[in-house]
Amino acid sequence: MRFLILCLLLVSLAIAPHAAFAGSANTIDEAAAAYNSEKCKECHDDIHKGWSSSWHSKSIVDPRTLKTFRTFILSGADKLPGVKRSILRDMCLICHAPAAAAASDELAEKISGLVVTAADDKDASKREAATKELSKLNINCLSCHGAKSVGPGSQIEPNKIYGPGKGEPPHKDAIGYDTVKLPSMKTSEFCAPCHHGCPPGMSSKECPTQWTVYQEHYLAHGGKQTCQECHMAGEGGASHSFPGIYEKDFAKTAVELSLDAQPTRHFYQLTNKVVPAVVMNVKLKNIGAHDIPHG
Amino acid sequence: MTVKDQKGKVLFTKTKEYEVYDLHLPSNKGGYLGFDDWDLTAMTHIVDNALEPLETDSETYVALLKEDTKSVDIEVSFSYLYEEGGSAVISKVNKKVEFGK
């Protein structure tokens with residue numbers, strides 16, 4: 001398996017099936033209701049635009065994600081006795097679509113069916129309709145700002161907005177939400193639950209994910225920056241477009257490439273011939289916080 | 001890396017790949033099929049020559065040229081393979097070296 005192709009998706013997969021997260025929502029609209037972020041963009045238009053261009057905004061409907069989930073369902077869940085398609089919710093959607101945690105088993109199976117349709121159906125209109133429906137479950141504002149943490153075990157709290165504590169807007173007056181300062185939002189640990197995907201204590205050698213590699217290959221070798229300092233740089237340090245290796249301009253910031261080339265001569269002693277030659281030294285330095293290709 | 005002479009003829013090329021391959025082997029946890037295909041811990045690192053953070057990789061090459069070579073244009077680029085058939089140049093450096101001056 002070509003690891004680099006899958007790593008962005010795999011990091012958020014848990015290793016063993018979690019306890020089922022069966023909720024009571026029977027429709028996607030019902031499941032998504034608690035994560036309705038429509039109000040946010042009225043005041044945070046720039047941030048909303050940033051998010052719209054981010055991978056978070058297509059965390060379940062990006063074509064690569066859909067195809068990977070499709071394979072997970074068809075080659076994994078459907079082939080193992082006693083395993084239901086709702087396992088997608090428990091293993092993958094806890095991070096890729098937090099709102100799906102509220103889905104009943106029946107809805108979770110329906111969501112898996114929509115994933116297969118969106119990825120594979122021969123009818124483009126059916127693919128489009130399934131994608132549109134699934135897109136209601138993408139990571140949005142409240143996926144990160146609606147709870148004290150993200151990922152497994154995270155629970156959205158009604159009428160609360162968590163922020164890192166930098167001049168919170170008057171949410172109470174505008175929309176009736178309490179604003180709660182959450183300094184941990186500025187730490188890498190905040191991102192870890194979803195960008196990890198390994199059982200606790202498992203090393204990067206056994207389980208190379210964005211998080212284990214960041215810890216063991218970057219921090220352990222003197223790296224100082226947090227996830228947010230690189231991936232949320234710009235826009236006053238609060239960019240919500242979360243650029244990564246897929247954004248070429250951002251990828252450029254992770255490497256330093258240099259070339260030293262000197263003319264010389266080469267002497268063929270057997271033929272008594274001298275020819276020009278060039279000695280070239282190439283240096284590539286990884287100044288990012290993940291392996292290249294990243295784990 | 002590509003080295004061309006003053007007429008644009010390619011004289012020398014070199015490619016180095018940084019890659020990680022994780023494969024399932026019969027000896028891996030649970031064998032080939034099922035959820036092991038989604039289990040990072042059930043994979044074996046067959047090839048792991050990724051460039052780690054803060055590491056510098058340095059390579060030196062020598063290109064022997066023809067006697068009438070007046071100059072060479074050297075181009076070094078770093079490309080990222082996003083998916084099969086979909087790579088992009090992330091960084092590029094060019095240098096011209098002249099002889100006989």
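**Entry 1. Terms and a cysteine**

I count two residues as in contact if their C-beta atoms, placed from the backbone, lie within 7 Å. The model is a predicted one, in which local features need pLDDT of at least 70 and side-chain atom pairs count only at pLDDT 80 or more, while totals for chains, interfaces and linings use all residues. Residues are numbered from 1 along each chain as its sequence is written, and chains are lettered from A and ligands numbered from 1 in the order in which they are written.

I looked up Cys227(A) under this rule. Leaving aside neighbours within four places in sequence, Cys227(A) touches Ser188(A) and Cys191(A). Cys227(A) belongs to helix H13 of chain A; helices here are DSSP runs of H or I with at least four residues, strands are runs of E with at least two, and both are numbered from the N terminus. I call a residue buried if 20 or more other C-beta atoms lie within 10 Å of its own, exposed if 12 or fewer do, and partly exposed in between, with C-beta atoms placed from the backbone. Cys227(A) has 20 such atoms and is therefore buried. I also checked Cys227(A) against Ser125(A): the two are 102 residues apart in sequence and 38 Å apart in space, C-alpha to C-alpha.

**Entry 2. Chain A as a whole**

I find 14 helices and four strands in chain A. Of its 295 residues, 41% are buried. Among contacts in chain A between residues at least 6 apart in sequence, I note that 59% join residues at least 24 apart.

**Entry 3. Helix H6 of chain A**

How many residues of helix H6 of chain A are buried? I find that 10 of the 10 residues of H6(A), which spans residues 87–96, are buried, so that the helix is mostly covered. Among them are Arg89(A), Asp90(A), Cys92(A), Cys95(A) and His96(A). The cover over these buried residues includes helix H5 (63–76) and H7 of chain A.

**Entry 4. Helices H7 and H8 of chain A**

I next followed H7 (residues 105–120) to its packing with H8 (residues 124–134) in chain A. The angle between the two is about 135°, and their axes are 7 Å apart. For such values, axes are lines fitted to C-alpha atoms, for helices over the stretch in contact, and angles run from 0 to 180 degrees between N-to-C directions. The pair is therefore oblique, given that angles under 35 degrees count as roughly parallel, over 145 as roughly antiparallel, 65 to 115 as roughly perpendicular and the rest as oblique.

From H7(A) the contact takes Leu114(A), Val115(A), Thr117(A) and Ala118(A), and from H8(A) it takes Lys126(A), Arg127(A), Ala130(A), Thr131(A), Glu133(A) and Leu134(A). I sort these residues into five nonpolar, two polar and three charged. In this sorting Ala, Val, Leu, Ile, Met, Phe, Trp, Tyr, Cys and Pro are nonpolar, Asp, Glu, Lys and Arg are charged, and the others, Gly among them, are polar.

**Entry 5. Backbone details in chain A**

Phe242(A) has a phi near 45°, a positive value in a residue other than glycine. I place Phe242(A) in the loop between helix H13 (227–231) and helix H14 (248–252). Is Phe242(A) buried or exposed? Phe242(A) is buried, because it has 21 C-beta neighbours inside 10 Å.

Asn272(A) is not a glycine either, yet its phi is positive, at about 55°. Asn272(A) sits in the loop between strand S3 (255–268) and S4. With 7 other C-beta atoms within 10 Å, Asn272(A) is exposed.

I also recorded a cis peptide bond between Ile292(A) and Pro293(A), with omega at about -5°. Pro293(A) lies in the segment after strand S4 (273–286).

**Entry 6. Chain B**

Chain B has zero helices and seven strands. Its radius of gyration is 20 Å, well over the 13 Å given by the globule rule for 101 residues, so chain B is more spread out than a compact globule. The radius is taken over C-alpha atoms, and the rule is 2.2 Å times the number of residues to the power 0.38. Along the principal axes, the C-alpha atoms fill a box of roughly 65 × 25 × 25 Å. I count 23% of the 101 residues of chain B as buried.

**Entry 7. Where the chains meet**

Finally, I note that 55 residues of chain A are in contact with 48 residues of chain B. Which element gives the largest share of the side of chain A that touches chain B? That element is S4(A), with 12 residues. This side of chain A divides into 32 nonpolar, 15 polar and eight charged residues.
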